[in-house]
Amino acid sequence: MRTPSFSRSDYLAAADVIRKATAHRPTVGLILGSGLGALADSVEAPSIIPYEQIPLWPRSTVAGHQGRLVIGRLEGQTVMVLQGRVHFYEGYSIQEIAFPVRVMQAMGVQTLIVTNAAGGINKSYVSGDLMLISDHINFPGMVGNNPLVGPNDEQLGPRFPDMSSAYDGKLRALARRVAAQAGFTLHEGVYACLSGPNFETPAEIRMLRAIGADAVGMSTAPEVVAARHAGIRVMGVSGISNATIDTVDSSLKTSHEEVLYNMNNSIVPKLATLIRGVLSSMDSA
Ligand code: HPA
């Protein structure tokens, strides 16, 4: 594992490059997961910045994840959209995964909207559903793979940040209203973050259910921890891309193809409606 090596000056340098490449001054950050890049294509007056042009910015190696920053207007907000993100299982350090959030902080972003694909743990969830994240269980973080490990820069945030309401209550209430108006089900539940890249064993799924997880995935928690440390408010949404398998010798299997297929076909349209509705109705800070 690579050791953390970033400091505030690295984040400021990346933010400087971005500011020079766009006249927009984003206050909302969006991190879009598997299959969700399409929303970035509808950003108006976009400034498009390939990740390789931003110093130290990590670049994804996963099929279905693009690698560029799209900055512009969406539903009345000035947004900074990550079209593609990196994951712990790709071999990036947890600090590299949090790097884009630190750059958002340096850019003056106040609100982060993060989406992901996740397996359904809660037995009432079916593939294609959306789950608003109310809280998370951060397995990598709990065993030391936490982006806040290392010397704390007080100018970035406090040494011991509170995580009791990591996912903003007002934004969740707004998301519930948007989903009700649009007429689709929006579950609300706990997201368990595992490092991956293998999908879970049935015993792991049963354990996750027993400890109160409703969905499981391989992203999001590190970025959210960094964002909360930075004082950025957060909304998170999981697209339930597959049922998880909780017994051995099942005829079912979980695959990345299934995840991408369900994201593209049943989740992305609802997720786009939800994000647009939240952006158009939220106050800017
Ligand atoms: N497990 C972990 N991560 C995932 C899953 C899953 O079932 N589906 C999409 N991301």
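**Reading a predicted model, one feature at a time**

Trainee: Let's start with Asp 249: is this residue buried or exposed?

Mentor: Asp 249 counts as exposed because its relative accessibility is 79%. Buried means under 20% relative accessible area, exposed means over 50%, and partly exposed is in between (1.4 Å probe, protein chains only). Remember that this is a predicted model: local features need pLDDT of at least 70, and side-chain atom pairs count only at pLDDT 80 or more, while totals for chains, interfaces and linings use all residues. Residues are numbered from 1 along each chain as its sequence is written, and side-chain values use heavy atoms, with hydrogens and water left out.

Trainee: Where does Asp 249 lie?

Mentor: Look in the loop between β9 and α8 (256-281). Helices (H or I, at least four residues) and strands (E, at least two) are DSSP runs, numbered from the N terminus. Check the backbone of Asp 249 too: phi is near 65°, a positive value in a residue other than glycine.

Trainee: What do most residues and peptide bonds do?

Mentor: Most residues other than glycine have a negative phi, and most peptide bonds are trans. Glu 75 is another residue to check: phi is positive, about 50°, and this residue isn't a glycine either. You'll find Glu 75 in the loop between β3 (68-74) and β4, and it counts as partly exposed because its relative accessibility is 30%.

Trainee: Which peptide bond is cis?

Mentor: Go to the bond from Gly 196 to Pro 197, where omega is near 5°. Pro 197 belongs to the loop between β7 (186-193) and α6.

Trainee: And what about α6: where is Glu 204 found?

Mentor: Glu 204 is in helix α6, which covers residues 202-210. With 32% relative accessibility, Glu 204 counts as partly exposed. Its side chain reaches the backbone nitrogen of Thr 201 at 2.9 Å. That's a polar contact: a pair of N or O atoms within 3.5 Å; within protein, one must be able to donate a hydrogen and the other to accept it, and residues adjacent in sequence count only if both atoms are side-chain atoms.

Trainee: Which side chain joins Gln 83 in a polar contact?

Mentor: The side chain of Asp 41, at 3.3 Å. Gln 83 sits in strand β4 (residues 77-83) and is buried, since its relative accessible area is 0%.

Trainee: How far apart are Gly 236 and Ile 113?

Mentor: Along the sequence, 123 residues; in space, 5.8 Å from C-alpha to C-alpha. Gly 236 is part of strand β9, and a relative accessible area of 0% makes it buried.

Trainee: Now the ligand. Which residues are around it?

Mentor: Among them are Ala 118, Phe 199, Met 218, Ser 241 and Val 259; a residue is near a molecule if one of its heavy atoms lies within 4 Å of it.

Trainee: How much of the ligand does the protein bury?

Mentor: Taken alone, the ligand exposes 260 Å², and the protein buries 95% of that (Shrake-Rupley areas, 1.4 Å probe; for residues, only the protein chains shown count as cover). Elements giving two or more residues to the shell are β5 (111-120), β8 (215-217) and β9 (233-243). β5 gives the most, with 3 residues.
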